[in-house]
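Here is a short report on one chain fold. It covers a sheet first, then helix packing.

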Amino acid sequence: MLASFNKDVQLRVAEALKGQGTLSYLLKHKRIFSVDYEILKGIERYADRVFYEPIILFYLREERVEGEKAVRRYLMPLAIQLHREPHTVNHIFISPKLSSSELLHHEAGRVWLFARMHAICADANYHETVAHLGLTHLALEPIIIAFRRQLTASHPLMQLVGPHMHETLTINSLGRETLLKADSSYFDQVLGVGRNGALQLIARVYRNHYRMENETFPQRMARNGFTQVENPGEDNAEDPLPGYLYRDYGFMLWNAIHSYVESYLSAHYDSDEAVRQDKMLQDLLDDMRDPHRADIPGVPHVDSLQKLVDMASYIVFTATAEHSAVNFGQTDFYSFIPNRPLLLRRPMPRDLSRVTVKYIMEALPDEVQSQMTILMASTLSLMDHEGTLFDWAIASSRTRPEDRHLMQFKHQLEHISNHTLKRNTELGIYWPYLDPKQRMAYSTNI
Ligand SMILES: [Fe+2]
């Protein structure tokens, strides 16, 4: 993995980690993690905005706390390489917490802070365009249209998935008229990539990387090197990355949704043959694949009940848990602009002594851009408090009291919610983003 970093970075990381173990030891024991934003390469920037295609290294630090038996482990940023092909040493930054002042005299806190801002700016642009708009709202749209075109309202698959498609086309239409409007796009005001860059990036990911058959939560996590951890938590020595809450609660929710979908569909299809013989379902799949109709990349060949369950679970999970995870934290993360700037107006200078507080302030969004960012984040984070996934399960189970699949699903959601609350209390944090009772809408509707 470190092969993508140049030799200089490797030497400097090894130097910074001296005393914690050799670099090869830490890599072998999976204590080095990386995030690579190569996907941003060549994407249009709006006006004078600057962002890079960084590679960020993280380090799983281990600390013995006096008086405690367990070793405390936590993830910390270790190094940032802003340029893809760095020309000078100034384009690589090491956390000042790890760097030795003799060797790395210029990595003062301010420079590190500005390097982090640029790294986060890249992540924030990816988040708003791809993780949020592209892979939830827009990826769901052709699926919903094909469902409405091919399935009757009484078809079991529509009965199952239909509620989780509520108002998605409406909010997408509104998004096209505001965020992506050709002559006065909100994205041009608040994002480094602007409207055109956003569309380029979404299209690049959707056409070159997205394949519906490979997008279930466990598949995506596996691509990033993660699997489900039994009894995840800070005290579990088997947990390769303690505190990775999106992974932990994502798997719990995926499992709950998958077993609900499986029990429901098993009651309607008694064999794989029944799936293959369902003309309406096969017409739906043809529509989703057809380049002149929905034209979705990588539509699965649904020739068994299991494949139908996986496909339906992917749609329900994306419309509920995944969209909520990337949507409802926007106020919390974007309202204080320096925490997560969506645009920066100054580059990292070659002469690092130029990185003063004034320089950083000039780089940050101006007053109007900041106000518009906060307005966008707070509007998109609005939650209909009657509309959580758990509320939906309660309301639906009132009208379908005989539906044992739904009852079981409701109980599982309650268990997950209680689990998140307990873990939040233990960790002393506020993390409601995958709690089906708090911040999880039952459809992608904002
Ligand atoms: Fe959204």
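In which sense do S2 and strand S3 pair, and over how many bridges? The model is predicted. S2 and S3 (residues 71-81) run antiparallel, with 10 bridges between them. Glutamate 62 has arginine 73 in S3 as its bridge partner. Six residues separate S2 from S3, and the two strands form a hairpin. In that turn, glycine 67 has a positive phi of about 85 degrees.

S2 (residues 55-64) also pairs with S1 (residues 32-36), again in the antiparallel sense, over five bridges. Two residue pairs between S1 and S2 are tabulated here.

| Residue | Opposite residue in S2 |
|---|---|
| Isoleucine 32 | Tyrosine 59 |
| Serine 34 | Leucine 57 |

The four strands make an open sheet in the order S1-S2-S3-S4, with antiparallel pairing. S1 and S4 (92-94) are the edge strands, and each pairs on one side only. Direction ignored, neighbouring strands are turned by 25 degrees against each other on average. Helix H3 packs on this sheet and touches S2, S3 and S4. The direction of H3 makes about 85 degrees with that of S3.

H3 (residues 109-150) also meets helix H7 (residues 194-208). Their axes come within 10 Å and cross at roughly 65 degrees. The crossing is right-handed. H3 contributes Thr129, Val130, Leu133, Gly134, Leu138 and Ala139 to the contact. From H7 come Ala198, Leu201, Ile202, Val205 and Tyr206. What is the make-up of the H3 contact with H7: nonpolar, polar or charged? Nine of the residues are nonpolar, two are polar and none is charged.

Definitions and conventions
Residues numbered from 1 in each chain as written. Predicted model: local features only at pLDDT ≥ 70, side-chain atom pairs only at ≥ 80, totals over all residues. Pairing = 2+ DSSP bridges. Axes fitted to C-alpha atoms, helices over the stretch in contact; angles between N-to-C directions. Left-handed = near helix turned anticlockwise from the far one by under 90°. Contact = placed C-beta atoms within 7 Å. Nonpolar A, V, L, I, M, F, W, Y, C, P; charged D, E, K, R; others polar.
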